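Student: I'd like to walk through this model with you, piece by piece. Can we start with the terms and then go to the details?

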Amino acid sequence: MSHCLYSNPTFSATLPICFTPTTNIILYLEHDSPPSLRLYNNNNTMRLSKRHFSPLSLCLSVFSSGFRFPGKFQAQRRFLNSSAAGASQLCFKSSMEEQRASALSEGAIQFHNVGSRDGCEAPHKWSSPGGGKKIDLKKQIFCNRSLNMRNIIAVGFDMDYTLAQYKSETFESLAYEGTVRKLVYDLGYPSELLEWTFDWNYMVRGLVLDKKRGNILKMDRHKYVKVAYHGFRELSKDDKVDIYGSSLIQDSFDEPDYALIDTLFSLAEAYLFVQLVDFKDNNPEKISKDVDYARMYKDVRAAVDLCHRDGTLKQMVAKEPNRYINEDTTIVPLIKMIRDSGRSTFLVTNSLWDYTNIVMNFLCGGRTVHGPHTCNFDWLQYFDVVITGSAKPGFFHEESRANLFEVEPQSGMLINTDNGTPMPQVGDPSPKILLKSKNKRCRVFQGGNVGHLHSLLSIESSSQVLYVGDHIYGDILRSKKVLGWRTMLVVPELEKEVELLWELRDMRKKLILMRNERDSVEDKIHHLNWSLKFEDVNENDKQEMLSALKDLESKRDQVRLSHQQAQRENHQKFHNVWGQLMKTGYQSSRFANQVERFACLYTSQVSNLLLYSPDKYYRPSEDFMSHEFHLLPLE
């Protein structure tokens with residue numbers, strides 16, 4: 001039997017929560033940041049984890065107006081609700097099965113006061129009366145590797161293009177125009193460039209730029225080039241084979257000779273590079289002979305870096321965030337849902353503190369620098385740790401020696417720390433401790449590495465972390481491959497992709513049937529050719545076979561042309577130039593292959609997490625090999 005004790009978090013720093021006479025164990029809640037749990041037994045202390053109490057399970061009970069307790073606990077609930085706002089209870093239950101199902105049983109338990117932090121009691125979408133129904137395909141979360149959210153104790157987010165979805169038509173155009181001006185005024189390119197415009201629909205993610213040849217490529221998962229352009233001129237099949245398919249050793253298509261377009265931030269610079277290639281080919285006298293395609297790409301990158309260094313882009317976004325960033329009222333409910341489920345939340349972004357604060361104010365409260373509601377730091381209450389200027393992907397290497405500085409939010413001043421612990425300044429015997437109100441336990445840092453983050457959040461195993469980002473290389477690949485974090489990739493283009501897949505499902509079946517017909521006709525041609533060459537047939541039979549062969553060859557040409565035309569029409573339904581994001585012909589694209597390899601989950605918007613229980617067990621669909629697929633009916 002266990003006795004549950006009530007304690008008010010404001011009474012002391014270390015408080016007894018539960019006492020079990022049979023084991024002489026007392027459970028304490030320590031009010032540090034974040035709060036933690038300790039077991040005390042015979043003057044010994046140990047961190048709370050699954051292996052320490054195999055016959056018991058820890059139940060985290062949270063109190064809100066909508067929570068219903070079993071009858072025998074109703075009196076305790078009324079007592080707790082009347083005693084103190086935000087009070088919490090922890091009790092032991094002797095059930096092995098419940099222990100295995102415990103949301104946080106796989107590692108150290110983190111405690112949060114839960115419920116609405118802004119006074120609003122709106123239900124979460126997945127648990128609302130309208131929740132639990134079939135989710136629109138565009139909003140679904142797709143699973144590559146099994147992920148039981150009950151094993152996750154911390155959920156982290158990137159900011160740019162993850163929590164903050166930028167408007168391509170305005171933000172990418174702003175980046176493009178700034179880069180063009182830098183090329184002309186700082187790097188000496190012709191003034192004609194100032195008249196150029198940006199087509200934000202032209203480029204897609206997953207492409208590869210060939211810096212030396214001025215080509216832009218789309219490859220399948222085997223790194224075979226399927227679609228290729230030189231500038232805006234499409235390369236023929238023979239050209240593609242001559243350039244990329246005639247060597248004994250297959251090209252790796254990696255740096256330094258190639259550039260990967262894996263982030264939405266790269267679309268504007270890729271489009272500008274294509275324009276410059278076209279301009280150089282058509283106006284050789286206006287570009288110096290010393291400036292080759294690779295040099296032009298280097299200059300474009302330099303111009304982009306200049307825009308970021310002088311603050312051109314971020315100053316414009318700060319003035320009118322609603323012009324460049326999509327408003328999303330689901331961000332706060334999403335993060336609150338995660339925290340209410342007992343998990344820590346953190347933000348890791350490459351943006352520095354000043355810009356991060358502006359963007360997060362806009363997302364979490366509609367506040368702007370010059371608006372009626374000025375920026376403040378209220379949004380920090382939704383996170384345990386915020387790390388700015390993280391320099392991902394280098395951040396994900398524990399051996400990185402990047403210093404970790406604490407940021408003073410009001411002034412932006414950086415304070416030296418020893419792995420997160422404040423350090424005294426020279427001549428000052430005591431370290432400066434940043435004061436935080438009781439509902440702003442979040443600490444803000446700059447730099448550091450993943451080891452610092454694990455220490456700040458008391459994370460013992462990398463597999464206990466889910467990180468959500470938009471960049472395959474900067475967010476997903478390194479965090480998954482190097483650390484073993486669980487990962488979710490945000491792919492905004494997926495909404496349109498799955499919608500078209502559904503609309504074009506009959507066309508896809510038609511394409512499969514047409515391909516089967518091509519195979520059948522070609523097999524018959526091969527059979528007749530073989531018979532004519534190696535079998536002893538009389539003259540009459542030979543003439544009949546030659547006539548049949550001629551008819552089959554004519555039919556083959558017709559079927560091939562029809563199939564190719566249908567393929568092109570299907571290709572252009574998704575994108576007039578590059579086709580389907582996740583496919584190249586019948587193969588997965590290089591981008592899709594990376595998503596499948598490194599993202600445990602992927603979805604169109606981070607807010608889609610609101611449609612699922614925070615304790616959901618995500619399971620992948622069955623994999624099919626080719627021999628299995630052909631046994632499945634088309635209907």
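Tutor: A residue is buried under 20% relative accessible area, exposed over 50% and partly exposed in between, using a 1.4 Å probe on protein chains only. The model is predicted, so local features need pLDDT of at least 70 and side-chain atom pairs 80 or more, while totals for chains, interfaces and linings use all residues. Numbering runs from 1 along each chain as its sequence is written, and side-chain values use heavy atoms, without hydrogens or water.

Student: How much of the protein is buried?
Tutor: Of its 635 residues, 48% are buried.

Student: And how many helices and strands does the protein have?
Tutor: There are 17 helices and 27 strands.

Student: What share of the contacts join residues at least 24 apart?
Tutor: That share is 71%, among contacts between residues at least 6 apart in sequence. Contact here means heavy atoms within 4.5 Å.

Student: OK, helices. Is α5 mostly covered or mostly open?
Tutor: Mostly covered. In α5, 13 of the 16 residues are buried.

Student: What about α3, how many of its residues are buried?
Tutor: In α3, 13 of 18 are buried, so the rest of the structure largely encloses this helix.

Student: At what angle do α3 and α5 pack?
Tutor: About 45°, with the axes 9 Å apart. That makes α3 oblique to α5. The axes are lines fitted to C-alpha atoms, over the stretch in contact for helices, and angles run from 0 to 180 degrees between N-to-C directions. Under 35 degrees is roughly parallel, over 145 roughly antiparallel, 65 to 115 roughly perpendicular, and the rest oblique.

Student: Which residues meet there?
Tutor: From α3, E172, Y176, T179, V180 and L183. From α5, A268, Y271, L272, Q275 and L276. The contact of α3 with α5 has 7 nonpolar residues, 2 polar and 1 charged. Ala, Val, Leu, Ile, Met, Phe, Trp, Tyr, Cys and Pro are nonpolar, Asp, Glu, Lys and Arg are charged, and the others, Gly among them, are polar.

Student: Now α5 and α6. How do their axes cross?
Tutor: The axes of α5 (residues 267-282) and α6 (residues 293-309) come within 10 Å and cross at roughly 140°. That makes α5 oblique to α6. On the α5 side the contact includes E269, F273, V277 and K280, and on the α6 side it includes Y293, M296, V300 and R301. The α5 and α6 contact residues come to 9 nonpolar, no polar and 4 charged.

Student: Which residues does T263 touch?
Tutor: R205, D470 and H471, leaving out residues up to four places away in sequence.

Student: What is the phi of A391?
Tutor: About 55°, which is positive although A391 is not a glycine. A391 is also in the loop between β17 and β18.

Student: And Y161, what is its phi?
Tutor: Near 65°, again positive in a residue other than glycine. Y161 is in the loop between β10 (154-157) and α3. At 1% relative accessibility, Y161 counts as buried.

Student: Last one: is C375 buried or partly exposed?
Tutor: Partly exposed, at 26% relative accessibility. C375 is in the loop between α10 (353-365) and β17. The C-alpha atoms of C375 and N361 are separated by 6.0 Å, although the two are 14 residues apart along the chain.

Definitions and conventions: Helices (H or I, at least four residues) and strands (E, at least two) are DSSP runs, numbered from the N terminus.
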